[in-house]
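Have the sequence and the 3D view ready.

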Amino acid sequence: DALRVVPTVRMTHDALRVVPAPRMTAATAVDATALLAAIKDAGTPVGIKATEEAQEAVSAAAEALRGTGAAAPARVPISGTYELLWSMAKGGSNGKVGPFVGSVTQEIVDDENFINAVKLGPLKIALSATREVLDDKRIRVKFVSTSVRLFGKQLLDKPTKGQGVWEQIAVNDDASLRVMNTPSLFVLRRL
């Protein structure tokens with residue numbers, strides 16, 4: 001949702017004074033209203049399951065955000081856990097496990113490590129990865145390991161190879177919303 005800023009009221013020794021709110025610019029906030037509406041209208045976070053019309057609407061709304069938000073989106077510090085709102089990936093990172101769709105989160109462990117996880121009932125598949133900022137708009141991601149748990153019991157933990165460069169399309173200054181190409185379109189929102 002769009003960021004809203006309100007004026008502040010300050011008390012001086014002889015009067016009450018209203019101080020105008022700081023001006024919001026494209027370099028500060030990402031107004032993702034159209035993007036979030038297009039994702040909601042698609043009816044699924046798994047882009048490959050959406051209609052071609054819905055895919056195009058989400059893609060166009062995401063592209064319209066290019067250049068908004070943080071001036072150096074790849075350098076914005078990230079923390080916490082994010083929910084996947086949209087993914088055009090064909091693999092399991094979109095939450096699709098066979099015919100089922102689980103919920104996908106990205107947990108930021110520290111400045112360099114994160115875990116992408118798919119939860120489907122008692123099943124949890126986690127992909128551990130590292131991130132390295134390459135420049136203002138790109139990060140290199142290297143996959144480290146994959147683990148599978150069922151009812152909390154670890155069934156598998158194995159090294160995973162693979163890497164890619166993720167382009168940050170738009171990121172709020174507080175990193176509460178992140179839109180990126182991995183090269184598939186991903187939209188993540190901090191929980």
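How many cavities of 30 Å³ or more does a search of the whole structure find? One. This is a predicted model, where local features need pLDDT of at least 70 and side-chain atom pairs count only at pLDDT 80 or more, while totals for chains, interfaces and linings use all residues. Residues are numbered from 1 along each chain as its sequence is written, and side-chain values use heavy atoms, with hydrogens and water left out.

A cavity here is a set of points, on a 1 Å grid over the protein atoms alone, where a 1.4 Å probe fits but cannot get out; lining residues have an atom within 4 Å of a point. Points are joined across faces, edges and corners, and the volume is the space filled by probe spheres set on them.

The largest cavity holds about 50 Å³ of space. Its lining includes Arg131 and Ile139, and the lining residues split into six nonpolar (Ala, Val, Leu, Ile, Met, Phe, Trp, Tyr, Cys, Pro), two charged (Asp, Glu, Lys, Arg) and one polar (the others, Gly among them).

Now for some strands, which are DSSP runs of E with at least two residues, numbered from the N terminus. Two of them pair if DSSP finds at least two bridges between them.

| Antiparallel pair | Bridges |
|---|---|
| S7 (residues 113-120) and S8 (residues 123-133) | eight bridges |
| S8 and S9 (residues 138-150) | eleven bridges |

S7 and S8 make a hairpin with two residues between them, and glycine 121 in that turn has a positive phi of about 60°. Across this pair, valine 118 has isoleucine 125 in S8 as its bridge partner. S8 and S9 form a hairpin too, with four residues between them. Arginine 131, from the cavity lining, has valine 141 in S9 as its bridge partner.

Key: On a 1 Å grid over the protein atoms alone, a cavity is a set of points where a 1.4 Å probe fits but cannot get out, and a pocket is an open set with protein on both sides within 12 Å along at least five of seven lines; lining residues have an atom within 4 Å of a point.
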